[in-house]
Amino acid sequence: MALTALELCTRALLRIGAQAIASLDEGTAEAEIASGLYAGTRDALLSLHPWSFATGQATLPRLAAQPTADFQHAFQLPAGFLRALSAGAPGAGRGLPYRLLEDRLHAHAAQVTLTYIFRPDESTFPAFFAAALVARLSAEFCIPLTESSTRASMLFDQAEGELRAARRADSQQATTRAIDGFPLIQARG
């Protein structure tokens, strides 16, 4: 089932006993709170972990303007960018030193391949992430709608448990990456 922002918010509202909404801009208190808190909560949750469904790689376009100091080249970040994971030369997703400033990536390399977290469409959210997001939204919506800090605290604890389970499920979808360049192994000789 393809999810939407409205469906995710409605699930969260129902979890705290609030009225379901038909639209995020319908003018009710529930809709205003949902529309005000949804995007920030979604982006924060996406940024917390290198989710397989929200991780991408792109060769960045180099900008004509050079950085003022420290690096030779500036690159434009991709649309929907949330967080950088690593940068590498073409054909490699990591290994280059870089720095993010404003909406640009600075590096010495003439070409950069960026591995990053992006904002995917809600319809691509796997069930484990949708459950974690709904749990977190429920906690976020609780105080403005119910004014119960005790209940909100309980919901935040539940949301943390859902997030741990989602991260564990997502982490099992790839081969574990070996640690590169560990100095204690090199010291053994």
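**View 1. The salt bridge between Arg-119 and Asp-43.** The side chains of Arg-119 and Asp-43 meet in a salt bridge at 3.0 Å, N to O (a side-chain nitrogen of Lys or Arg within 4 Å of a carboxyl oxygen of Asp or Glu). Because Arg-119 lies in the loop between S6 and H3 whereas Asp-43 belongs to helix H2, the pair ties together parts that are 76 residues apart in sequence. The model is predicted, with local features requiring pLDDT of at least 70 and side-chain atom pairs counted only at pLDDT 80 or more, while totals for chains, interfaces and linings use all residues. Residues are numbered from 1 along each chain as its sequence is written, and side-chain values use heavy atoms, with hydrogens and water left out.

**View 2. The salt bridge between Glu-122 and Arg-42.** The side chains of Glu-122 and Arg-42 meet at 3.2 Å, N to O. Glu-122 is buried, with a relative accessible area of 11%, and Arg-42 also counts as buried, at 10% (buried means under 20% relative accessible area, exposed over 50%, partly exposed in between, with a 1.4 Å probe and protein chains only). Arg-42, Asp-43, Arg-119 and Glu-122 are linked in a network of salt bridges.

**View 3. The salt bridge between Asp-70 and Arg-99.** In this pair the side chains meet at 2.9 Å, N to O. Asp-70 counts as exposed at 55% relative accessibility, whereas Arg-99, at 27%, counts as partly exposed.

**View 4. The surroundings of Leu-133.** Leaving aside neighbours within four places in sequence, Leu-133 is in contact (heavy atoms within 4.5 Å) with residues including Leu-8, Tyr-38, Arg-42 and Phe-125.

Definitions and conventions:
Helices (H or I, at least four residues) and strands (E, at least two) are DSSP runs, numbered from the N terminus.
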